[in-house]
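Please report on the spaces in this protein and on the ligand held there.

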Amino acid sequence: MYILGGTSAKNVAENLAKRLRQPLLHAIYKRFPDDEFYVRVLDNIAGEDVLIVQTAYPDQKIVELLLMQDAVHGAGAKKITIVLPYFGYSRQDKKFEDGEAISAQTIAQHISLRADCVITVDPHKEHIVKFFTVPAYSCSAVSTIARYLKEKHVDFILAPDEGARERAKQAAALIDCEYDYLEKTRIDGTTVKITPKQLDARGKHVAIIDDIISTGSTMSNSIKELKKQGAKSVSVACTHGLFIGGAKEKLLAADCDEIISTDTIETEFSKVSVAECIAETLLKTAPHIKN
Ligand code: R5P
């Protein structure tokens, strides 16, 4: 199997190549003066299995992915597996109002056109993998994140909302500590309200776990609540760190002690890699890769 790492997932692709002991492909990526993307795969991949690794976020990276798929298909690859460390557009997974597009479905269908299999990490809702029209699997970075938090002596895990409760429960079980969750109401895209609730966090090193940190509003409000209740330290951990609209500043202003993210989106906070959970899923779904 050959691995083609896209411009939005270099770290994951390199880590995967090392873990799976499979070669990385050579390719030319460039942009024309009008900013349109160009890709050319330089190796001979006719009849080979190819793994394309590319985070589908932001929009430009989705176009890059579609062109990479076309290049690999046109060069005669036998089987094309797409690894989407972060599946952009996955949060619009249904029609919330009449007349809306189901973005997750649209993007999934287009990616499926030139794919035999898809693997993604911690999708916002599990059912979105069914939007792909080829076999699709998800894996979770929770155990990788939990291992990091355990080394940091975290002794209480908090989910900022019901949606993240299961994730917090799993992490707490791996760390062997307590967990709880908060109730969150989303007012609009950048404003959330956290309902105050008594937590058993006094004097504890707490980590708040979520799938995504976007504007940082959910996490910063949760940090404030924990600090008010006497937590000794509060770190925030997520799989997908988008950190948009001054999220970093918002978290630091809320007195966040550490920000932890994976490398599904590469930032200064990417402290652990999702390559491990992707490799495990690949070996389960395509055991012939093992050499
Ligand atoms: C939403 O349900 C997600 O799990 C996250 O809680 C959300 O995306 C975080 O967004 P923000 O950082 O903008 O509060």
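The report below covers the pocket, the ligand, the cavity and the backbone.

This is a predicted model: local features need pLDDT of at least 70, side-chain atom pairs count only at pLDDT 80 or more, and totals for chains, interfaces and linings use all residues. Residues are numbered from 1 along each chain as its sequence is written, and side-chain values use heavy atoms, with hydrogens and water left out.

**The largest pocket**

The largest pocket holds about 940 Å³ of space. A pocket here is an open set of points on a 1 Å grid over the protein atoms alone, with protein on both sides within 12 Å along at least five of seven lines. Its volume is the space filled by probe spheres set on the points, which are joined across faces, edges and corners. The lining of the largest pocket numbers 34 residues; a lining residue has an atom within 4 Å of a point. Nearest the centre of the pocket lie Arg 91, His 124, Asp 161, Lys 184 and Asp 211. Two or more lining residues come from each of strand 7 (136–139), helix 5 (165–175), strand 10 (183–186), strand 12 (205–213) and helix 6 (217–228). Helices (H or I, at least four residues) and strands (E, at least two) are DSSP runs, numbered from the N terminus. Strand 12 gives the most, with 4 residues.

**The ligand**

The ligand takes the space of the largest pocket. The rule for this is that more than half of a molecule's atoms lie within 2 Å of the grid points. Around the ligand are 14 residues, and Asp 210, Asp 211, Ser 214, Thr 215 and Thr 218 come nearest. A residue counts as near if one of its heavy atoms lies within 4 Å. Strand 12 also supplies the largest share of this shell, 4 residues.

| Side chain | Distance to a ligand oxygen atom |
|---|---|
| Asp 211 | 2.5 Å |
| Thr 215 | 2.5 Å |
| Thr 218 | 2.5 Å |

On its own the ligand has 380 Å² of accessible area, and the protein covers 90% of that. Areas come from the Shrake-Rupley method with a 1.4 Å probe. Strand 10, strand 12 and helix 6 each give two or more residues to the shell. By class, the shell has 2 nonpolar, 6 polar and 6 charged residues. Ala, Val, Leu, Ile, Met, Phe, Trp, Tyr, Cys and Pro count as nonpolar, Asp, Glu, Lys and Arg as charged, and the others, Gly among them, as polar.

**The cavity**

A cavity is a set of points where a 1.4 Å probe fits but cannot get out. The count is 1 cavity of 30 Å³ or more. The residues lining the largest cavity include Tyr 86, Phe 87, His 124 and Ile 212. That lining has 5 nonpolar, 4 polar and 1 charged residues.

**Backbone**

Tyr 57 and Pro 58 are joined by a cis peptide bond, with omega about -10°. Pro 58 sits in the loop between strand 4 (49–53) and helix 2 (59–74). Asp 35 is not a glycine, yet has a positive phi of about 80°. Asp 35 belongs to the loop between strand 2 (27–31) and strand 3 (37–41).

Key
A polar contact is a pair of N or O atoms within 3.5 Å; within protein, one must be able to donate a hydrogen and the other to accept it, and residues adjacent in sequence count only if both atoms are side-chain atoms.
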